[in-house]
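Here's a quick tour for anyone opening this structure for the very first time.

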Amino acid sequence: MTSRYRSPEQLNSLSPRRRTVVKAAAATAGAAIVAAPLAAAAPAGAAEAAPAFLHGVASGDPLPDGVLLWTRVTPTAEATPGSGLGPDIEVSWIVALDRELTNIVTKGSTTATAASDHTVKADIRGLEPATDYWFRFSADGTDSPVARTRTAPAASASVAGLRFGVVSCANWEGGYFSAYRHLAARGDLDAWLHLGDYIYEYGTGQYGTRGTVVRQTAPTHEILTLADYRVRHGTYKTDPDLQALHAKAPVIAIWDDHEMANDAWSGGAENHTEGAEGTWAARQAAAKQAYFEWMPVRPALAGTTYRRLRFGKLADLSLLDLRSFRSQQVSVGDGEVDDPDRTLTGRAQLDWLKAGLTSSDTTWRLVGNSVMISPFAIGSLTADLLKPLAKLLGLPQEGLALNPDQWDGYTDDRRELLAHLRSHAIRNTVFLTGDIHMAWANDVPVDAGTYPLSASAATEFVVTSVTSDNLDDIVKVPEGTVSAIAAPIIKAANRHVHWVDTDRHGYGVLDITADRAQMDYYVLSDRTKADATAKWARSYRTRSGTQKVERTYDPA
């Protein structure tokens, strides 16, 4: 997600290339961001008594017969994340059918070591499908909290419904993770999807927070090394709302760029200066290692998050990695966006996705997609709206209609995928997307220029950010001010867009039945308040066989 915030003083310390990239952002952001002393988080959490489970417990990637369990143990007070300190310690787990852990179905143990930052994963198998389980870790007489998880339905099962929480873009310094708390309170989720930017790599005050750092991140500098990434993951995992959601349902996560660095591609990133910040290969490897240590993700291939999960006959979920294999983003207007030698997905992943969509025998084909696939044209926005929108989307402020970091910058991949959906008559493909810090409900047209006369090949639901700045934050105006003006213009220029909310923070709840896939959009009262409330905003659905989005007036 292209959006940079540095003070003029910070700009002077950057390389010439990076100063050029962020100059316009700094002009809009204004003076240096001042860190507020509100709820500054302990970087890793110091254990008063060790061992301790300071970072909660989690589960992820549910299968019909299993689930991946995760925790991190602090064996001694000095063994904080990224420290490389602390002895080996045996960690055991139990899985049971009841919250009191009396009806135990499996147990086991492993050793947590400094080599894996004292994180632990247990890939549990032999469980029953579509079943709630509870689990707990223990180490040297200390027990973790008890958490709930749930297995996926059997592959051949007829499933009446599924319900997933959907989130993206949680900037620690931008506010509190109330969206996670409200999802955790529901108690009705089969799982929750995190569509990228689970953490952010910037140093304190370097990323947009409407001019105020609500709570300071750790480490305070931009993260570059394995130790840095471990500390940052550890900081996020101390958040009580995030811990609560991890303890209530399994997560299904993919990364976007900020788990590594802004606008990452296979050979570098916008927010990486080769040499001055080490090599990109080393930084990317460190970021990925820390991610797999700290996240309950089961990679099908080493070093990537693309994989596929199935939920009975109702839905399968293809999860994409749109950072590891992509070509470098191009400058808008240079004519290379249509170059067939450039790729967003990489050849192997695109072939894998197409083959999976073709062979799928489920009612719904969900695609976990970290950047928006629907085409987007600016239209005739006024200058005061165009500049912040351009900055948020990575567009040139002259207003050319292209976002080179998203599928718009890799049109050959998109054309091939959409043509494949059409030529093979693949129905009910729904892209679930994050990244853009706005909520959208889109048809995905084969030809946006002639839509709606041309066909729609799929639909797309984009969720807004948990806390990361959106348009009203960038221009520092009251919530709803920008959206009231910009949304009608965006829709007029993009007839496949049914709804866009440029201003609010929150989350989605995806509810699926055989007849329809529906996204309910929820918004937060104030991301800077730890006790923020949430309310339903809107709902959109796609009915089976239509490949089109329509509004519905009640949440599922």
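This is a predicted model: local features need pLDDT of at least 70, side-chain atom pairs count only at pLDDT 80 or more; totals for chains, interfaces and linings use all residues.

A residue is called buried here when its relative accessible area is under 20%.

**The big picture**

- The protein has eleven helices and 26 strands.
- Take the contacts between residues at least 6 apart in sequence: 72% of them join residues at least 24 apart.

- Let's start with an open sheet of seven strands, whose pairing is mixed and whose order reads 16-17-18-19-21-20-22.
- At the edges sit strand 16 and strand 22 (497-501), each of which pairs on one side only.
- Going from neighbour to neighbour in this sheet, the strands are turned by 20° against each other on average, ignoring direction.
- Strand 20 (residues 439-445) and strand 22 run antiparallel, with four bridges joining them.
- If you want a spot to look for in that pairing, A439 stands opposite D501 in strand 22.

**Strand 17 and its two partners**

- How many residues of strand 17 (residues 315-319) are buried? Five of the five are, so the strand is largely enclosed by the rest of the structure.
- Both of its faces are covered: A315, L317 and L319 are buried on one side, and D316 and S318 are buried on the other.
- One partner is strand 16 (residues 307-311), which runs antiparallel to strand 17 and is joined to it by five bridges.
- Within that pairing, F311 has A315 in strand 17 as its bridge partner.
- Strand 16 and strand 17 make a hairpin with three residues between them, and G312 in the turn has a positive phi of about 65°.
- Strand 18 (residues 364-369) is another partner, and here the two strands run parallel, again with five bridges.
- To find this pairing by eye, look for L319, whose bridge partner in strand 18 is G368.

**Helices lying across the sheet**

- Helix 7 (residues 347-359) lies across strand 16, strand 17, strand 18 and strand 19 (429-433). Its direction is at about 15° to strand 16.
- Helix 9 (residues 411-423) lies across strand 19, strand 20 and strand 21 (456-462). This helix runs at about 120° to strand 21.

**Helix 4 and the helices around it**

- Is helix 4 mostly covered or mostly exposed? Mostly covered: nine of its eleven residues are buried.
- The buried ones are D228, Y229, R230, V231, R232, H233, G234, T235 and Y236.
- Helix 5 (240-246) and helix 6 are included in what covers those buried residues.
- The axes of helix 4 (residues 226-236) and helix 6 (residues 280-294) come within 8 Å and cross at roughly 35°. That crossing is right-handed.
- On the helix 4 side, the contact is made by L226, Y229, R230, H233 and G234. They meet R283, A286, A287, Q289, A290, Y291, E293 and W294 in helix 6.
- Sorted by class, this contact has seven nonpolar, three polar and three charged residues.

**A closer look at T71**

- You'll find T71 in strand 3 (residues 66-72).
- Why does T71 count as buried? Because its relative accessibility is 0%, and the cut-off for buried is under 20%.
- A polar atom of the T71 side chain lies 2.9 Å from the backbone oxygen of G56.
- Not counting residues up to four places away in sequence, T71 touches F53, G56, V57, H118, T119, V120 and F137.

**A closer look at S539**

- S539 belongs to strand 25 (residues 534-543).
- With 0% relative accessibility, S539 counts as buried.
- Which side chain does the side chain of S539 make a polar contact with? The side chain of D520, at 2.5 Å.
- Leaving aside neighbours within four places in sequence, S539 is in contact with Q518, M519, D520, R551, T552, D554 and P555.
- S539 and G508 are 31 residues apart along the chain, and their C-alpha atoms are separated by 9.3 Å.

Note on methods. Residues are numbered from 1 along each chain as its sequence is written. Side-chain values use heavy atoms; hydrogens and water are left out. Buried means under 20% relative accessible area, exposed over 50%, partly exposed in between (1.4 Å probe, protein chains only). A polar contact is a pair of N or O atoms within 3.5 Å; within protein, one must be able to donate a hydrogen and the other to accept it, and residues adjacent in sequence count only if both atoms are side-chain atoms. Contact means heavy atoms within 4.5 Å. Axes are lines fitted to C-alpha atoms, for helices over the stretch in contact, and angles run from 0 to 180 degrees between N-to-C directions. A crossing is left-handed if the near helix is turned anticlockwise from the far one by less than a right angle, and right-handed if clockwise. Ala, Val, Leu, Ile, Met, Phe, Trp, Tyr, Cys and Pro count as nonpolar, Asp, Glu, Lys and Arg as charged, and the others, Gly among them, as polar. Two strands pair if DSSP finds at least two bridges between them.
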